[in-house]
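Subject: Structure for your attention

Dear colleague,

Please find the structure below, followed by a short account of what was found in it.

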Amino acid sequence: MATKVTKRKPAKPATEKTSPKKQTRLRKVMRFLLKAMLWFFGLSIFSVIVFKWVPVPFTPLMVTRSIEQKCDGKEMVCKHDWVPIGEISINMQKAVIASEDATFLKHNGFDFNAMRKAMKNNDKGKKLRGGSTISQQTAKNVFLWQGRSYIRKGFEAYFTVLIELIWGKERIMEVYLNSIEMGDGIYGVEAASQFWYKKKADNLTKRDAAGIAAILPNPRKFKASNSSSKTERRKSRIINHMRYVGKLDY
């Protein structure tokens, strides 16, 4: 008796389906990320608005340096005296523009020509200061941690745009000069002026201001007064460049 053979149709490939549990978990993650982003944008904008008028009490770098001093068994030193920009010598303002950011009054937070030069020199194995503007340095000093990474650079660009839009040039300069490191445990121009020259920030001469600006590449290594010959030459170059800064019309 012949056996009848029936041919089976080839089974259709099973389509992968996300289980209800996975879908629920994914939705929770997405909601969490959305809330985190909204909180970040809200808090960052709020803090920038607050610091438009309120003096910055401390920066992440101040905290980091204090921890380093403690770990090294040194005395914790953090001298920081906030003063309004009206009590900061115009010489100091011109000196940092001449040494750190010649196009400060013209750019919108970024000096792309300086960035390109810095990238070219980095490719050649050289180092070039000036890639970051005063606005970028201020954003980094006030709101971010130290270090080099694309993530931190991205946050730096974000905060730079915010402070340019909300603060304006005069406030950026005021916060910058009150926050940057100007010696070992010395932060801001008033503390630096008292430490290096025993005078108030509004009495700084061109030479005094150039001395403080000259040590900014490494303020814990160089001295603004009783300086090395290298620092003295840098002071003279800064004084020469100050002549081209012109009127500070913020």
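A residue is called buried under 20% relative accessible area, exposed over 50%, and partly exposed in between (1.4 Å probe, protein chains only). Leu177, in helix H7 (residues 169-179), counts as buried because its relative accessibility is 0%. The C-alpha atoms of Leu177 and Pro84 are separated by 9.7 Å, although the two residues are 93 apart along the chain.

This is a predicted model, in which local features need pLDDT of at least 70 and side-chain atom pairs count only at pLDDT 80 or more, while totals for chains, interfaces and linings use all residues. Residues are numbered from 1 along each chain as its sequence is written, and side-chain values use heavy atoms, with hydrogens and water left out.

Three strands form an open sheet in the order S1-S3-S2, with mixed pairing. Strands S1 (79-80) and S2 (181-183) are at the edges with a single partner strand each, so one side of each has no neighbour in the sheet. S1 pairs with S3 (residues 186-187) in the parallel sense over two bridges; Lys79 is opposite Ile186 in S3. Pairing requires at least two DSSP bridges between two strands. Helices (H or I, at least four residues) and strands (E, at least two) are DSSP runs, numbered from the N terminus.

On the surface, a patch of positive charge brings together Lys21, Lys22, Arg25, Arg27, Lys28, Arg31 and Lys35. Lys28 lies in helix H1 (residues 20-50) and is exposed, at 52% relative accessible area.

Key. Patch = residues over 30% accessible without salt bridge, like charges linked within 9 Å, V, L, I, M, F, W, Y side chains within 5 Å. Areas by Shrake-Rupley, 256 points an atom, 1.4 Å probe, with all protein chains shown as cover. Salt bridge = Lys/Arg side-chain N within 4 Å of Asp/Glu carboxyl O. Lys, Arg positive; Asp, Glu negative; His and termini not counted. Charge placed at Lys NZ, Arg CZ, Asp CG, Glu CD.
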